Amino acid sequence: MAAGCGKCGPGYPSPLEAMKGPREEIIYLPCVYRNTDIEAPDYLATVDVDPKSPQYCQVIHRLPMPNLKDELHHSGWNTCSSCYGDSSKSRTKLVLPCLISSRVYVVDVGAEPRAPKLHKVIEPKDIHAKCGLAYLHTSHCLPSGEVMISSLGDLEGNGKGGFVLLDGETLEVKGTWERPGGAAPLGYDFWYQPRHNVMISTEWAAPNVFRDGFNLADVEAGRYGSLLTVWDWQRHEIVETLPLQDGLSPLEIRFLHDPAAAQGFVGCALSSTIQRFFKNKGGTWSVEKVIQVPPKKVKGWMLPEMPGLITDILLSLDDRFLYFSNWLHGDLRQYDISDPQKPRLTGQLFLGGSIVKGGPVQVLEDKELTAQPEPLVVKGKRVVGGPQMIQLSLDGKRLYVTTSLYSAWDKQFYPELIREGSVMLQVDVNTVNGGLKLNPNFLVDFGKEPLGPVLAHEPRYPGGDCSSDIWL
């Protein structure tokens with residue numbers, strides 16, 4: 001696994017080596033038509049993000065899926081830095097699990113990175129028959145060469161947090177990663193850290209709860225997740241569950257990138273908190289709240305108080321900065337986590353959201369702001385929706401931001417997203433002292449797509465990034 005090995009596997013030998021990797025030139029994004037007025041398949045968009053290119057900020061390729069209403073969502077790789085020591089492995093396939101249809105599309109990005117081709121379709125019946133799982137979310141490549149995909153439910157839409165295992169070469173369904181009958185009650189995201197023999201998974205809610213939209217009664221009835229599930233990495237079984245204080249709906253989870261680190265962070269959407277989880281001296285795990293985004297008292301919205309709704313979090317590859325998005329309030333934040341127990345706010349930028357001036361919502365009481373933020377206009381387009389999925393460049397100097405969360409919730413919270421489509425923005429990051437600044441010359445407007453406005457979701461780079469790759 002030495003940096004100077006003659007022929008290495010995919011990715012980079014370490015997170016710090018990855019920071020020296022090449023600048024991103026293209027980005028892949030799943031684009032969703034489900035819950036819009038357009039009867040067309042979801043597709044994978046390839047966007048040129050090379051400032052030297054004549055096609056800068058343009059969608060240069062679209063790969064439509066062969067089915068309707070899949071709800072493409074997140075993506076992962078056939079292999080990544082966890083297989084860096086295996087020179088037989090090559091990062092050539094993008095794995096796209098579908099949140100609603102439970103299909104898995106495998107896309108060949110190796111032959112022509114700027115014009116991906118569909119390589120394989122794994123139908124839901126294969127996953128149902130071999131795993132009894134459905135509603136698929138996060139895909140991670142494993143050190144074994146296999147691919148693992150988290151589930152949120154069973155075939156009937158009840159909660160079931162299990163993991164589908166794919167063969168790394170054939171990409172056929174092998175079965176579940178967990179032992180038979182050993183799934184968690186709910187599921188969503190996961191991250192593993194083999195040096196500590198641990199994997200931790202999160203939970204959103206049962207698909208029957210979130211699928212068609214948000215209902216406050218489900219929160220009051222306790223139907224949203226509030227636990228972290230700790231798994232024994234070698235035995236593939238649950239060893240602990242960690243209740244979260246003020247931790248409703250823990251979504252994206254990130255261990256520190258340092259493979260020796262025994263701590264990380266999770267963003268809790270409905271309670272708008274960041275929680276730090278860590279290993280105790282005795283080998284058990286604990287969790288503590290380290291950031292709270294206070295709700296705003298409002299008028300003209302569905303509830304009297306509006307949460308920030310933390311929907312995505314990232315850690316820079318040097319484990320110095322934490323980033324997250326408040327999809328409802330509309331701000332993107334940067335925290336210095338040099339002391340992980342005491343994150344320090346170093347950057348904040350409003351990129352749309354529900355509380356902009358001139359909109360239907362009036363803020364009556366705000367513990368953070370003295371005035372409602374101005375609407376965001378980039379290259380003549382007023383941005384609708386709020387910052388949601390984020391991706392950081394390897395060197396940590398650029399953040400890419402999209403504005404769609406999930407089609408049913410987009411339609412409910414930001415109906416204008418359905419009419420106008422989402423956007424991708426780019427933010428310049430001060431990596432010395434902290435700070436965020438919008439690049440006014442960057443805009444990818446998914447409202448102008450050939451078949452009509454579309455909802456673009458998670459950005460992914462061809463060579464891996466800080467939310468796809470895990471080091472050993």
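Analyst: Gladly! α6 gives the largest share of the lining of the largest pocket, three residues. Helices (H or I, at least four residues) and strands (E, at least two) are DSSP runs, numbered from the N terminus. This is a predicted model: local features need pLDDT of at least 70, side-chain atom pairs count only at pLDDT 80 or more, and totals for chains, interfaces and linings use all residues. Residues are numbered from 1 along each chain as its sequence is written, and side-chain values use heavy atoms, leaving out hydrogens and water.

User: Which residues lie nearest the centre of the largest pocket?

Analyst: A pocket is an open set of points on a 1 Å grid over the protein atoms alone, where a 1.4 Å probe fits, with protein on both sides within 12 Å along at least five of seven lines; lining residues have an atom within 4 Å of a point. Here 22 residues line the largest pocket, and Gly353, Ser354, Pro360, Tyr414 and Glu416 lie nearest its centre. Two or more lining residues come from each of α5 (407-413) and α6 (415-420).

User: Which residues of helix α2 are buried?

Analyst: Buried means under 20% relative accessible area and exposed over 50%, with partly exposed in between (1.4 Å probe, protein chains only). In α2 (residues 124-131), Pro124, Ile127 and Cys131 are buried. They sit on the same side of α2 because they cover an arc of only 70° around the axis, taken from the directions from the helix axis to the C-beta atoms. Exposed Lys125 and Ala129 are on the face turned away from the buried side of α2.
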